[in-house]
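These are my notebook entries on a structure that I looked up. I record what I asked and what I found.

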Amino acid sequence: MKILFTVSLFFIFLPVLAQQKADLLVFNATIYTVDKNFSTKEALVVKDGKIIATGTTNDLLKKYDAKEKIDASGKFVYPGLIDAHAHFVDYGLGLQKADLAGTSSWDEVIEKLQKFAEKHATGWLQGEGWDQNLRMSSVMLMI
């Protein structure tokens, strides 16, 4: 009888023992995988910062033991949107202009432009970045 009980417990807990470890399991969601068919899944599993599985909620809950589980309550999950481009020309041009952000008066604008002019002594003196509520969009002075 004792052996039968032990064997029964083994088979009852075998699925739990066989579960793979993971960091995060998001389930009950609409997950856009952005594969070649733009398919959706119900659940995803993350381990060491990487998605290691997608599938149905039932399948992944059975297969993985996650430290954290999130019930998405049917909400949408999208892939990370990363903008890997830069506007180098605009960035470079911006370095040649006085930063006027935060100025609240004409006197502050003039003061910032004068300080900028000390380091940029030739050509046009340009400034940008002030509050559009002041109805000022740009300043150009010839020095």
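Is Lys67 buried or exposed? I found Lys67 exposed, with a relative accessible area of 73%. For this class I used the following cut-offs: buried means under 20% relative accessible area, exposed over 50%, and partly exposed in between, with a 1.4 Å probe and protein chains only.

Entry 1, basis. I note that the model is predicted, that local features need pLDDT of at least 70 and side-chain atom pairs pLDDT 80 or more, and that totals for chains, interfaces and linings use all residues. Residues are numbered from 1 along each chain as its sequence is written, and side-chain values use heavy atoms, with hydrogens and water left out.

I listed four helices and 10 strands in the protein; helices (H or I, at least four residues) and strands (E, at least two) are DSSP runs numbered from the N terminus. From the N terminus on, I read the order α-β-β-β-β-β-α-β-β-α-β-α-β-β. Of the 143 residues, 21% count as buried. The protein exposes about 11,100 Å², and carbon and sulfur atoms supply 59% of this area; the areas come from the Shrake-Rupley method with a 1.4 Å probe, and for residues only the protein chains shown count as cover. Among contacts (heavy atoms within 4.5 Å) between residues at least 6 apart in sequence, 49% join residues at least 24 apart.

I recorded four salt bridges in the structure, each defined as a side-chain nitrogen of Lys or Arg within 4 Å of a carboxyl oxygen of Asp or Glu. I looked up one between Asp23 and Lys67, where the closest N and O atoms are 3.5 Å apart. Asp23 lies in strand β1 (residues 20–27) and Lys67 in strand β6 (residues 64–71), so this pair ties together parts that are 44 residues apart in sequence. Asp23 is partly exposed, at 24% relative accessibility.

I then examined Lys97 and Glu128, whose side chains meet in a salt bridge at 3.4 Å, N to O. Because Lys97 sits in the loop between α3 (88–94) and β8 (98–99) and Glu128 in strand β9 (residues 124–128), the pair ties together parts 31 residues apart in sequence. Lys97 counts as partly exposed at 24% relative accessibility, and Glu128 is partly exposed at 36%.

Glu111 and Lys115 form another salt bridge, with the closest N and O atoms 3.5 Å apart. Both lie in helix α4 (residues 106–119), four residues apart, which is about one turn of the helix. I found Glu111 partly exposed at 42% and Lys115 exposed at 51%.

I traced an open sheet of three strands in the order β3-β2-β7, with mixed pairing. Its edge strands, β3 (40–41) and β7 (76–77), each pair on one side only. Strand β2 (residues 30–32) pairs with β3 in the antiparallel sense over two bridges; two strands pair if DSSP finds at least two bridges between them. Tyr32 stands opposite Thr40 in β3.

Which residues are in contact with Thr57, leaving aside its neighbours within four places in sequence? I listed Phe27, Asn28, Glu42 and Ala43. Thr57 is found in helix α2 (residues 57–63) and counts as buried at 13% relative accessibility. A polar atom of the Thr57 side chain lies 3.1 Å from the backbone nitrogen of Asn28.

How values were computed: Polar contact = N/O pair within 3.5 Å; in protein donor to acceptor, adjacent residues only side chain to side chain.
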